[in-house]
Amino acid sequence: MQPRNMSMSGVVDLAAVKAAQEAKAKAEQARAEAARQGGGTGAVSPADLVIDVDEAGFERDVLQRSAEVPVVIDFWAEWCQPCKQLSPVLERLAVEYSGRFLLAKIDVDANQMLMQQFGVQGIPAVFAVVAGQALPLFQGAAGEAQIRQTLDQLVTVAEQRFGLTGLTVDPDAEPGGAQPAPAAPSGPYDALLEAAVQALDAGDLGGAVQAYKNVLTEDPANTEAKLGLAQAELLQRVQGADPQQVRKDAAEKPADVQAQIAAADLDLVGGHVEDAFGRLIDTVQRTVGDDRDAVRLRLLELFEVVGGEDPRVAAARRALARALF
């Protein structure tokens, strides 16, 4: 089976928008609770970085752990020859990456339900779970260079968007004896960011928007607040919209700038990232003056939602430059 790239930046899951903000808070709360109860240093042994997971332990070993470290899932079987090539590479890289991700191995023969839930069509298949969100990585016996590139992207996004910095590895630690690490000191804007998360929890998008703006007033470069604001504002714009009417207006009025902008917002919320970008870039090419500037600014806002590290953003930026100049 030839490897098929399944990039982890495939869908913008705005239904779980607050997961990016909550994941860091949950991990810090867990560490703080362990510290209050006399927990250890949080260090794990290299042997703890590769674990076998079954259906009974999936929630504990994968979903819960994904709030503190990205969990890479290797779906394999004893009879699968490509698996025998891929699995040792993943295991070696798990140790080499020194806690930046945890490798969970799932035998598909013994865990058919998990295979079905992830929609695995063939093995080997590799997924990740970050802050409870499942992300396809690749399928097939990929080369090490491709695997490293995918893992680098995964750990970068996990840290930048979800605040997951991974596990502390101590070569002298006893396998299976890890304890949660002590809580990190609170940052100067943690209370304001937590207020934004609580507003999202309560469905108060206006309150979340204001909370993020409060952070940015004091710290205009705050990455977490910029991402949160862009996402909250997007959700606020599409709240209460009639998707069928929005798409009908966009199809019937290609010259209507606001109709195209509204449709692009819906495209992005639905995970159709390239469609959203392409719609607005096409609109930029057809407009001038204030209309063109309005479309350009909305496109830049959507870039913030997806994240500057996403390759689709880089491609769209180049297309926008060509459309403008």
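Q: What should I know before I start?
A: The model is predicted, so to speak of local features we need pLDDT of at least 70, while side-chain atom pairs count only at pLDDT 80 or more, and totals for chains, interfaces and linings use all residues. Residues are numbered from 1 along each chain as its sequence is written, and side-chain values use heavy atoms, with hydrogens and water left out.

Q: How many helices and strands does the protein chain have?
A: Helices (H or I, at least four residues) and strands (E, at least two) are DSSP runs, numbered from the N terminus. Here the protein chain has 13 helices and 8 strands.

Q: What percentage of the residues count as buried?
A: Buried means under 20% relative accessible area, exposed means over 50%, and partly exposed lies in between (1.4 Å probe, protein chains only). Of the 325 residues in this chain, 47% count as buried.

Q: What share of the contacts comes from residues 24 or more positions apart?
A: A contact means heavy atoms within 4.5 Å. Among contacts with a separation of 6 or more, residues 24 or more positions apart account for 74%.

Q: Which side chains of β6 are on one side, and which are on the other?
A: In a regular strand the side chains alternate between the two faces of the sheet. For β6, Ala 125, Phe 127 and Val 129 are on one side, with Val 126, Ala 128 and Val 130 on the other, and all are buried.

Q: Which way do β4 and β6 run?
A: Two strands pair if DSSP finds at least two bridges between them. Strand β4 (residues 71-76) is joined to β6 by 5 bridges, and the two run antiparallel. One place to look is Val 72, which stands opposite Ala 128 in β6.

Q: How many bridges pair β6 and β7?
A: There are 6 bridges between β6 and β7 (residues 133-139), again in the antiparallel sense. Ala 125 has Gln 139 in β7 as its bridge partner, and Val 126 stands opposite Phe 138. The two strands form a hairpin with 2 residues between them, and Ala 131 in the turn has a positive phi of about 50°. Strand β7 is largely enclosed by the rest of the structure, because 5 of its 7 residues are buried.

Q: Where is the cis peptide bond?
A: Look between Ile 123 and Pro 124, where omega is about 0°. Pro 124 is in the loop between α4 (112-117) and β6.

Q: What is the phi of Ser 98?
A: Phi of Ser 98 is near 50°, a positive value in a residue other than glycine. You will find Ser 98 in the loop between α3 (81-96) and β5 (102-107). Ser 98 counts as partly exposed, because its relative accessibility is 38%.

Q: How are two packed helices described?
A: Two packed helices are described by the angle between their axes and the distance between the axes. Axes are lines fitted to C-alpha atoms, for helices over the stretch in contact, and angles run from 0 to 180 degrees between N-to-C directions. Angles under 35 degrees count as roughly parallel, over 145 as roughly antiparallel, 65 to 115 as roughly perpendicular and the rest as oblique. Take α11 (residues 273-286) and α12 (residues 289-306): they pack at about 160° with their axes 9 Å apart. These two helices are therefore roughly antiparallel.

Q: Which residues make the contact of α11 with α12?
A: Those from α11 include Phe 277, Leu 280 and Val 284, and those from α12 include Val 295, Leu 299 and Phe 303. By class, this contact has 11 nonpolar, 2 polar and 3 charged residues. Ala, Val, Leu, Ile, Met, Phe, Trp, Tyr, Cys and Pro count as nonpolar, Asp, Glu, Lys and Arg as charged, and the others, Gly among them, as polar.

Q: At what angle do α7 and α8 cross?
A: Helix α7 (residues 205-218) and helix α8 (residues 223-238) cross at roughly 155°, and their axes come within 9 Å. They are therefore roughly antiparallel to each other.

Q: At what angle do α8 and α12 cross?
A: Their axes cross at roughly 120° and come within 8 Å. That makes α8 oblique to α12. Among the residues that meet are Leu 227 and Leu 234 in α8, and Leu 302 and Val 305 in α12. This contact divides into 5 nonpolar, 1 polar and 5 charged residues.
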